[in-house]
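I opened this model to look up its fold and its charge pairs. My entries are below.

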Amino acid sequence: MVEVYVAIMTDEGVLKHWAIFIDEPHESDKIMLQVRGSDGRFRYEPEYGNARCLSGLDELVFLFDVESTMTSILKAIARELPVRSDIHGWNCQDWVLDFLNKLEEEDIIKGEDGGYRDRKSYVQGKVEGLV
C-alpha cells in the first residue's frame, strides 16, 4: 500500500501552498501533485521528491492508502484535472480539494469512509482565503 497525504507548506506566496504527496516506496518515485503559479496564471506542475525533506513543510496530513498499482491512475487524474485560472482567487488549495472530490466521484476513494471524511474535513478547515 502507498500512503497519500496533503502536504501543507510555507513558501514565497501569501497563502500556504498545498500539494498531494504520494509516498511511493522508492525514493525516486515519491511525487507531489500540485499546481503552481499565481492568481490567473496557475499551471499543473508535478514535482518528484520527498515532501518530508522540504524546508517549508508545515504539515503532512494523511488521507488514505492505495494499492501501488493505483498511483498511475492518481497521476493521470491530476494531469487531467482542470486548472481554473479563469476564476479569480482560485489556487492550489482549491485544486487539492477538486482532486479529492474527483477521486470520490470516480469511486477511487470512498467518501463515506469515516476516517477519510474526518481527515478531509480537517484539511478543508485549513483553507485560507483573501479577505
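The notes go from overall fold to salt bridges.

I noted that this is a predicted model, where local features need pLDDT of at least 70, side-chain atom pairs count only at pLDDT 80 or more, and totals for chains, interfaces and linings use all residues. Residues are numbered from 1 along each chain as its sequence is written, and side-chain values use heavy atoms, with hydrogens and water left out.

**Fold.** I looked up the secondary structure and found three helices and seven strands (DSSP runs: helices are H or I of at least four residues, strands E of at least two, numbered from the N terminus). Along the sequence the order is β-β-β-β-β-β-β-α-α-α.

**Burial.** I read that 38% of the 131 residues are buried (under 20% relative accessible area; exposed is over 50%, partly exposed in between, with a 1.4 Å probe and protein chains only).

**Salt bridges.** I searched the whole structure and got 10 salt bridges (a side-chain nitrogen of Lys or Arg within 4 Å of a carboxyl oxygen of Asp or Glu). D58 pairs with K16, with the closest N and O atoms 2.9 Å apart. D58 is in strand β7 (residues 57–66) and K16 in the loop between β1 (2–9) and β2 (17–23), so the pair ties together parts 42 residues apart in sequence. I also checked E59, which bridges to K126 at 3.1 Å between the closest N and O atoms. E59 lies in strand β7 and K126 in the segment after α3 (114–124), so this pair ties together parts 67 residues apart in sequence. K126 is partly exposed, at 31% relative accessible area. Last, I noted that D23, K30 and R52 are linked in a salt-bridge network.
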